[in-house]
Amino acid sequence: MTKYDPADRDEHGHYAGLEDTAGDHGEVEAAYLQAVAAFAAESGVDHLAIREPGVPCITHFGAEPAVDGYGLNGLFTPALDAGPGPSLPPGFHDGAQVPIHTGLELVRGMLRDNGAWCRLEVEDLFAVHVGWDRYLYIGTSRPCEDALAATRALGLFPERLTSSPYDFDPEVEGAGFLRPGDDAFWDGLAAAVASGRAGILEENFVEGATRWHSLTPDILGSVRAGIAPRARLAVRPPLSSDIDAVLLFLGRTRLLYLRVWGWPE
């Protein structure tokens, strides 16, 4: 579903009309949101699940300037401290259920390139994906003929597709060795920490936002209690206390990347 008339495509299928790719923050944007609301209503959807959320980790590539809070301010409870990284609301995580009006505000933020991005879905029933240049993809298990007619009446152009280019691809987005962070994981982590084989836990609670936890046996319980829902975890060896050995290694390394932590005293 777009604001671009398919009649204005060239022989290669590329849009060649006069419609600008920028958002108007006005009538066209409102039409997009009304169309999404119409499809959701006809699909019987009043809540959406946030899936695979993300924020820019270093550079913002959106067509519009970045905004404070990535467009999430006011949509969730106060921010979650990410340490040396972006502060994000704890309600913005994979699997979080949001009412349709919050989902529409997330769509608005994505249309404006505010920074935050996610898929909005109801499993096997409904999906909303926002792509580049205000291309929007709505998936539904129902025909939604009334919503289609309403979308056209709003001046937008819906086209039927077999799938969204932003569908989740586990081969790409789930790469690597994965296992659940269950009791067995934490029991194994406790043993690794006690033996000195593990000392750092990387918590990727939103794509582009990471917290790092220095682990000791006495704080593992509190670390586990504070992990965001459905966060991806990676276990790292402890930081070396042999400064001379570290400096010697750095002196032999031609290409060097450093991540520096500032641990509280």
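Which residue forms a salt bridge with Arg 119, and how far apart are the closest N and O atoms? The partner is Glu 52, and the closest N and O atoms of the two residues are 3.0 Å apart.

This is a predicted model, in which local features need pLDDT of at least 70 and side-chain atom pairs count only at pLDDT 80 or more, while totals for chains, interfaces and linings use all residues. Residues are numbered from 1 along each chain as its sequence is written, and side-chain values use heavy atoms, with hydrogens and water left out.

**Salt bridges**

Side chains of opposite charge can pair when their charged atoms come close. A salt bridge is defined here as a side-chain nitrogen of Lys or Arg within 4 Å of a carboxyl oxygen of Asp or Glu.

| Salt bridge | Closest N and O atoms |
|---|---|
| Lys 3 and Glu 19 | 3.8 Å |
| Arg 119 and Glu 52 | 3.0 Å |
| Asp 183 and Arg 224 | 2.7 Å |

Helices (H or I, at least four residues) and strands (E, at least two) are DSSP runs, numbered from the N terminus.

In the salt bridge between Lys 3 and Glu 19, both residues lie in the segment before α1, so the pair ties together parts that are 16 residues apart in sequence. Lys 3 counts as buried at 9% relative accessibility, whereas Glu 19 is partly exposed at 36%.

For the salt bridge of Arg 119 with Glu 52, Arg 119 belongs to strand β3 (residues 117–122) and Glu 52 to strand β1, so parts 67 residues apart in sequence are tied together. Arg 119 is buried at 4% relative accessibility, and Glu 52 is partly exposed at 21%. Both residues also belong to a network of salt bridges that links Arg 51, Glu 52, Asp 94, Arg 119 and Arg 230.

The salt bridge between Asp 183 and Arg 224 links distant parts of the chain, 41 residues apart: helix α5 (residues 183–194) contains Asp 183, and helix α6 (residues 220–226) contains Arg 224. Asp 183 is partly exposed at 49% relative accessibility, as is Arg 224 at 35%.

**Ser 43**

Ser 43 sits in the loop between α1 (27–42) and β1 (47–54). With a relative accessible area of 0%, Ser 43 is buried. Residues up to four places away in sequence aside, Ser 43 is in contact (heavy atoms within 4.5 Å) with Leu 125, Phe 126, Thr 140, Arg 142 and Cys 144.

Definitions and conventions:
Buried means under 20% relative accessible area, exposed over 50%, partly exposed in between (1.4 Å probe, protein chains only).
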